Amino acid sequence: MGNVLAASSPAPPSAPGSGVVQGGPGLVSVPPGFSMPSVPPPSVPGQPAGETGSPLPNPGTYEECHRKCKEVVPIQLEGVRLVVNKGLSNHFQVSHTVTLSTLAESGYRFGATYVGTQQTGPAESFPVMMGDMDNTGSLNAQVIHQLTSAVRSKIAIQTQQHKFVNWQCDLEYRGDDFTSAVTLGNPDVLLGSGIIVAHYLQSISPALALGGELVYHRRPGEEGAVTSLMGRYTGNNYVATLTLGGAGAHATYYHRANDQLQLGVEFEGSMRTQETAVSFGYQLDLPKANLLFKGSVDSNWVVGAVLEKKLLPLPLSLALGAFLNQKKNTFQCGVNVTVG
Amino acid sequence: MAGIEELSPAAGPVETRPPEGEIDEDEELDETILERLWGLTEMFPDTLRSAAEVTASGSVTVAKKLYSFSRAALWVGTTSFMILVLPVVFETERLQLEQQQLQQQRQILLGPNAGMSGGMPGLMPPAPVKM
């Protein structure tokens, strides 16, 4: 079941990004199980290099750089969600999700994941096909395949009932010490519109990686491009990342205090809305108590926490979340129950 | 001499003011005791009086703001503590109690020497512990 479990976290359905300038967040992202293993704090990222000043390691993908800090911050839960995951074989897994919500629509979602036979690593196999269908007929589908030993491709589509909202194709090339990716989003030959996103990330030293992103979007009568630069520095037990671009600045700092506590600080400033926000998050891991606790404090006066507990011996996992906006005095809580 | 009134020698001194009793009543009706005390402050110079007034009203405003701030701060502090810290405290306490209970059970089962986790039971062969 190892291969199927590696594929167990499906990509979160993201908001449709029609013509939006920031191509990255608007398009469907690679699920965490399928990318190169993220930077382990005490050791050097990617393939381990030799003792003497040997070739630089592969820096990972561009999207992954801010991910370590983002994983520490809790996600706002809302309503009741029951997820039943069932692995039918080593290659195939099915999930049923029932969502009862007060703010949005309640619904049922069926998801299926197929993991192929071409094995590239201990936790990765290709091709990977993931599909998700809603009770209203909205479909999210992704196919990820490793074309050659260095080239990986991904095709993803997202529909809202019968209308296609997002369709994108992604090609990633991993060199020895660099990664480059090209994403073509919502290409429409008839209208002459689309978004092209190009990423490049290069390892300068075993700890430092620099990269850039170019987003070019085009609509009939309008076209524009946004560039941004990124730098990531990995220390002994911390990772600091900075992204500066036409769309704003984004800086994250991730720190591993001990094997139970991880901290993350994030600063985000946007040119478009002229707003800045700072958020501080922490994650407390108590495997003895089967507990995972994530908390966050925001500069928008938002305090939130998510408590996740494994109810052994059943393969049951309970997540309770609470988010409180002190300024507006609004509160939101949610429960997630995951079976299997 | 016809315009001049002749006073008879029996008439006493002419009363030109109202009697004493009426004067006191009028003055008491005009001012209460507080107004009389307030009137005493008029002996202080004007600058001192205005400074005292500003200080008094300022301290009242500060006291009101401090009160409302401490109310809001107490609420924000309590709810944030409740959300961020309390669940972890509950869970760690529960874990401690469970471990204590396990230790006690092990003590009862294997004797007081085997109370510590990982302690050797001495010369006795290790008894199978069924949990």
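Predicted model: local features only at pLDDT ≥ 70, side-chain atom pairs only at ≥ 80, totals over all residues.
**View 1. Chain A on its own.** Chain A is built from three helices and 19 strands (DSSP runs: H or I of at least four residues for helices, E of at least two for strands). Of its 340 residues, 42% are buried, meaning under 20% relative accessible area with a 1.4 Å probe, protein chains only.

**View 2. Where chain B sits against chain A.** Here 13 residues of chain B are in contact with 20 residues of chain A (contact: heavy atoms within 4.5 Å). Together the two chains bury about 1200 Å², 74% of it on carbon and sulfur atoms; buried area is the accessible area (1.4 Å probe) lost when two parts are put together, summed over both. I83(B), L84(B) and E91(B) supply 46% of what chain B buries against chain A, more than any other three residues.

**View 3. The salt bridge.** K309(A) pairs with E91(B), with the closest N and O atoms 3.0 Å apart. The rule (a Lys or Arg side-chain nitrogen within 4 Å of an Asp or Glu carboxyl oxygen) finds one salt bridge across this interface.

**View 4. The helices of chain B that touch chain A.** Both α3 (46–84) and α4 (86–110) of chain B supply at least two residues of the touching side. The largest share, seven residues, comes from α4(B).

**Notes.** Residues are numbered from 1 along each chain as its sequence is written, and chains are lettered from A in the order in which they are written. Local features need pLDDT of at least 70 and side-chain atom pairs 80 or more, while totals for chains and interfaces use all residues, and side-chain values use heavy atoms, without hydrogens or water.

Methods
Buried < 20%, exposed > 50% of the residue type's maximum accessible area, 1.4 Å probe, protein only.
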